[in-house]
Amino acid sequence: MNIINEMRVDFLSCPENEAFARMVISAFVLPLNPTLEQLGDIKTSVSEAVTNAVVHGYRDCVGTIRMKASLSEAGELTVEVIDNGCGIRDVQEARQPFFTTMEAFERSGMGFTVMESFMDAVQVFSSPGQGTTVRMKKQICAPREPAYQA
Amino acid sequence: MLTHEKQRGTITIRLSGDLDHHTAAAIRQELDRLIADRSINRLVFDLSDLKFMDSSGIGMMIGRYKMMARRGGSVAVRTGGGQIDRLMELSGLYRIIEKVQEEVRK
C-alpha cells in the first residue's frame, strides 16, 4: 500500500510536550478534512500514548519520544508513539481497563481503553528495558491518488 | 485556567484551555485549596469552555469525587457535549458523577 504522506518528530518527555504532540498530529491530519469527531479521537489517543511515555516509560527520568505518522492511499492514518523507556512487564495486563501502577498519582488507568475506543486498531510492542511502541490506525478519508510514486 | 463561584454549600469550578496530565497538576492543587472549606458539600465542574480533556482529567475528577464522598458531599459535571462528553461516557464516570445540562448564559 503506497504512502502518500508521512512525518516524524522527536521531542523530550516533558509534560508540556503532550500538548505539542496533539498540535503536531492535528496539523498533519487537518489537510485531510477530518470530521471534528475524528480529529478529537486522534488528538485524544495521541495524548494518551504520549502521556503514558512521559508518566510510565520515563517515570524517573527524561528521555526522547518519537511520534511518526503516515497516510496511505487507502485513506488510513497510522500513528506510532515510541519511547526507549522502562518498557511494560505485562502488556495484556496493562491494557486492561482501569489497570494502573500509579493509582496514588490519580492515574485513571484508562489510557489504552481510550486509544482502543477512539482508534480502529491499536498494537503495543514492549518488554522490560526495551522501550514501548504504540501503533494506532484510523480510517479518516476515502482512498485517494498518491501525489508521487514511491 | 480555573475560575470559581461559591453559592452557599456549592462551589462551581469553571475550567478552560486544556485539561491533560501537564495542566491537571496545577489545577488539582488549586482545587484542593478551594474545597478544603468543609462547608462545601457540592462540587460542580463546568467543562463547557474546555478545549480538550484526556483521561488525566478523568483521574482528577475521580480524586475529587473521593474527597467529596468522604464528607458526604456530591460532584456534578457540565460538559457542553462533544469529545469531552464522549470521554465521560466511556469512563463510566456518569454512574457516580451527576451530569448537568448546559446552562443558558446571558
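Among contacts (heavy atoms within 4.5 Å) in chain A of the predicted model between residues at least 6 apart in sequence, 67% join residues at least 24 apart. Residues are numbered from 1 along each chain as written, and chains are lettered from A in the order in which they are written. Local features of this predicted model require pLDDT of at least 70 and side-chain atom pairs pLDDT 80 or more, whereas totals for chains, interfaces and linings use all residues; side-chain values rest on heavy atoms, without hydrogens and water.

Chain A contains 4 helices and 5 strands, assigned as DSSP runs (H or I, at least four residues, for helices; E, at least two, for strands). Along the sequence, these elements follow the pattern β-α-α-β-β-α-α-β-β. The C-alpha atoms of chain A fill a box of roughly 50 × 25 × 25 Å along the principal axes. Of the 150 residues in chain A, 53% are buried, that is, under 20% relative accessible area with a 1.4 Å probe and protein chains only.

The largest nonpolar core comprises 37 residues, and Ile25(A), Val46(A), Met67(A) and Met136(A) have the most contacts inside it. Such a core is a set of buried Ala, Val, Leu, Ile, Met, Phe, Trp, Tyr and Cys residues joined through side-chain atoms within 4.5 Å. Helix H2 (residues 36–57) of chain A gives the most to this core, with 7 residues. Apart from this core lies another, of 31 residues, including Met110(A), Val114(A), Ile84(B) and Ile97(B). With residues up to four places away in sequence left out, Ile25(A) touches Met7(A), Ile42(A), Lys43(A), Val46(A), Met67(A), Ala69(A) and Val79(A).

Notes. Buried < 20%, exposed > 50% of the residue type's maximum accessible area, 1.4 Å probe, protein only.
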